[in-house]
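I am opening my notebook on a structure that is new to me. Come along as I look things up, one entry at a time.

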Amino acid sequence: MKLGDSMSARTQLFCVWCGPVGAVLYLIFFAGIGKFIPPPSPHWTQAHVAMFFATHRTGIRIGMVGGMVMSMLFFPFFTVIAIQIADIEKRRPILALLEWGGGLMLVVWFGLCMMLWIVATFRNTLSPNTIQMLNDMSWLCFVMLFPEYVVQMLAIGVAALRDRSPNPVWPRWAGYFN
């Protein structure tokens, strides 16, 4: 990673660490508290899904609110990656904007999915059909985020392969890996 002055270096290092810290804390909330790993089986009946949400109502609420907060730590991480790509691109940071936009979309979609899971726990009077629909909608949105990841990985990969500086941001193998 190329870093400028010491203030910028400290800020960028903080942003880099937001990624792994956010991922660990997100998993604690999502899996440990929210009980969403393993995910509910798609073969569960409406009654089974409703019972899962009723049984884990408080954990799901805490887990999803905590997950929303922790997923915000991904934003500084994606931003510092975009800044590094912009340094490689110099004048027209198209790849940097693609990576940053993909990261922004991921954070927004994560938040939406978690809000829908919270809605499924919000009222005791929701029908099992509604709870199942909210759960299915959340999971399908959650797992269908792969296009955003693909955009990010391609942008990072192309930037890494185009970086011809004597001290590249990422090694060439990282470009191929992405």
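**Entry: ground rules.** I take a contact to mean heavy atoms within 4.5 Å. I am working with a predicted model, in which local features need pLDDT of at least 70, side-chain atom pairs count only at pLDDT 80 or more, and totals for chains, interfaces and linings use all residues. Residues are numbered from 1 along each chain as its sequence is written, and side-chain values use heavy atoms, with hydrogens and water left out.

**Entry: Asn 135.** I began with Asn 135, which touches Phe 36, Pro 40, Val 49, Phe 53 and Trp 117, leaving out residues up to four places away in sequence. I found Asn 135 in helix H6; helices here are DSSP runs of H or I with at least four residues, strands are runs of E with at least two, and both are numbered from the N terminus. Is Asn 135 buried or exposed? Asn 135 counts as buried, at 3% relative accessibility. For that word I use under 20% relative accessible area, with exposed over 50% and partly exposed in between (1.4 Å probe, protein chains only).

**Entry: the overall layout.** Next I stepped back to the protein, which has eight helices and zero strands. I read the order from the N terminus as α-α-α-α-α-α-α-α. The C-alpha atoms fill a box of roughly 60 × 30 × 25 Å along the principal axes. Of the 178 residues, 40% are buried. I also noted that, among contacts with a separation of 6 or more, 72% join residues 24 or more positions apart.

**Entry: the cores.** I then looked for nonpolar cores, meaning sets of buried Ala, Val, Leu, Ile, Met, Phe, Trp, Tyr and Cys residues joined through side-chain atoms within 4.5 Å. In soluble globular proteins, nonpolar side chains tend to be buried together. The largest core here has 28 residues, and Phe 30, Phe 36, Phe 53, Met 64, Trp 117 and Phe 142 have the most contacts inside it. Helices H1 (6–33), H2 (46–55), H3 (57–71), H4 (74–89), H5 (94–122) and H6 (128–143) each give two or more residues to this core. Which helix gives the largest share? I found that H5 does, with nine residues. Apart from this core lies another, of 15 residues, including Val 80, Ile 85, Val 169 and Trp 170.

Phe 53 is in contact with Phe 36, Ile 60, Trp 117, Ala 120, Thr 121, Ile 131 and Asn 135.

**Entry: aromatic rings.** Rings of Phe, Tyr and Trp (its six-membered ring) pair if their centres lie within 6.5 Å; planes under 30 degrees apart count as stacked, over 60 as edge-to-face and the rest as tilted. By this rule I get 21 aromatic pairs. The rings of Tyr 26 and Phe 30 are stacked, because their centres are 5.5 Å apart and their planes lie at 15 degrees. Tyr 26 and Phe 30 are four residues apart in helix H1, so about one helical turn separates them. Tyr 26 is buried at 6% relative accessible area, and Phe 30 is buried at 3%. The rings of Phe 30 and Phe 36 have centres 5.6 Å apart and planes at 40 degrees, so I logged that pair as tilted.

**Entry: helix pairs.** Axes are lines fitted to C-alpha atoms, for helices over the stretch in contact, and angles run from 0 to 180 degrees between N-to-C directions. Under 35 degrees counts as roughly parallel, over 145 as roughly antiparallel, 65 to 115 as roughly perpendicular and the rest as oblique. The axes of H1 and H3 come within 8 Å and cross at roughly 165 degrees, which means H1 is roughly antiparallel to H3. Residues of H1 that meet H3 include Gly 22 and Phe 30, and among those on the H3 side are Gly 59 and Met 64.

H2 and H6 pack with their axes 8 Å apart at an angle of about 80 degrees, so they are roughly perpendicular to each other. Gln 46, Ala 47, Val 49, Ala 50 and Phe 53 in H2 meet Pro 128, Asn 129, Ile 131, Gln 132 and Asn 135 in H6.

**Entry: two last residues.** Leu 126 is found in the loop between H5 and H6 and counts as partly exposed, at 25% relative accessibility. Ala 54, in helix H2, is partly exposed at 39%.
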